[in-house]
Amino acid sequence: MGNILIVYSSRVDETKGIAELIAEGIRQSGHQAEVKTAGQIETEGDLTGFDAYIFGSPTYHGEMLPPMKQVLFMAERANLEGKPGGAFGAYGWSGEANKRIFDTMNYIFKMKMASGPLMIKASWVEDGVETAQAYGKEIAEMI
Ligand SMILES: Cc1cc2nc3c(=O)[nH]c(=O)nc-3n(C[C@H](O)[C@H](O)[C@H](O)COP(=O)(O)O)c2cc1C
C-alpha cells in the first residue's frame with residue numbers, strides 16, 4: 001500500500017474541499033492519503049518518505065498563496081525526482097496557481113506528473129466530486 005501526501009493552502013476552504021475529495025479517491029484505490037496544510041510543512045524533511053505528492057493552492061490576483069510558494073521552495077530540496085505528482089486548486093476564472101504548481105513539479109522537481117493539473121473550480125461544481133476523486137485515483141495508479 002502506498003502513502004500519498006496532499007499539501008494545500010486555502011483562504012476560504014474551497015481548495016481544502018477539493019483536497020479532501022482527492023484523498024477519498026486515493027483511499028478508494030486502496031492507498032493511504034495524508035492531507036496537510038502548507039503551514040504544517042516546516043522543513044523539507046516533512047516532505048520525505050511518501051510515494052506520491054499532490055500540491056494545491058487557489059489563485060488570487062493571478063498567483064498561488066504565499067504558504068504554497070514556501071512549500072515549493074522546500075520541495076526543491078526534498079529530492080522528489082521521478083515521484084508521481086499532481087496539482088490542483090480552487091479558482092474563479094483563470095486558475096494560474098494550478099498550472100504554476102504543476103509546471104514547477106514537472107520542470108524543476110522532474111516528477112512523473114499526472115495528465116495535467118486538476119482544473120475544477122470548487123468541490124461543489126457539477127461532476128466536482130467524481131472529477132476530484134478520479135484525479136486521486138489516477139495518481140494512486142501511478143505508484
Ligand atoms: C480578491 C480575490 C482575487 C481573486 N483572484 C483570482 C484570480 O486572479 N484568478 C482566478 O481564477 N480566481 C481568482 N479569485 C477566485 C478564487 O480563486 C476563488 O474564490 C477560490 O474558490 C478561492 O479558494 P480558497 O477557498 O481555497 O481560498 C480571486 C478571489 C478573490 C476574493
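Is the crossing of H1 and H4 left-handed or right-handed? In this predicted model, the crossing of these two helices is right-handed. The contact is formed on the H1 side by Ile18, Leu21, Ile22, Ala23, Glu24, Gly25, Ile26 and Gln28, and on the H4 side by Val129, Ala132, Gln133, Ala134, Tyr135, Gly136, Lys137 and Ala140. Sorted by class, the residues of this contact comprise 10 nonpolar, 4 polar and 2 charged.

Two packed helices are described by the angle between their axes and the distance between the axes. Helix H1 spans residues 14-28 and helix H4 spans residues 128-140; their axes come within 7 Å and cross at roughly 50 degrees.

Two residues other than glycine have a positive phi value: for Asp13 phi is near 75 degrees, and for His61 phi is near 50 degrees. Asp13 belongs to the loop between strand S1 (3-8) and H1. His61 is found in the loop between strand S3 (52-56) and helix H2 (66-75). With 5 other C-beta atoms within 10 Å, His61 is exposed, since a count of 12 or fewer defines that class.

The ligand is surrounded by 18 residues, of which the closest are Arg11, Glu14, Thr15, Pro58 and Gly92. The shell around the ligand consists of 7 nonpolar, 8 polar and 3 charged residues.

Conventions
Residues numbered from 1 in each chain as written. Predicted model: local features only at pLDDT ≥ 70, side-chain atom pairs only at ≥ 80, totals over all residues. Near = placed C-beta within 6 Å. Nonpolar A, V, L, I, M, F, W, Y, C, P; charged D, E, K, R; others polar. Axes fitted to C-alpha atoms, helices over the stretch in contact; angles between N-to-C directions. Helix = DSSP H or I, 4+ residues; strand = E, 2+ residues; numbered from the N terminus. Left-handed = near helix turned anticlockwise from the far one by under 90°. Contact = placed C-beta atoms within 7 Å. Buried ≥ 20, exposed ≤ 12 C-beta atoms within 10 Å, placed from the backbone.
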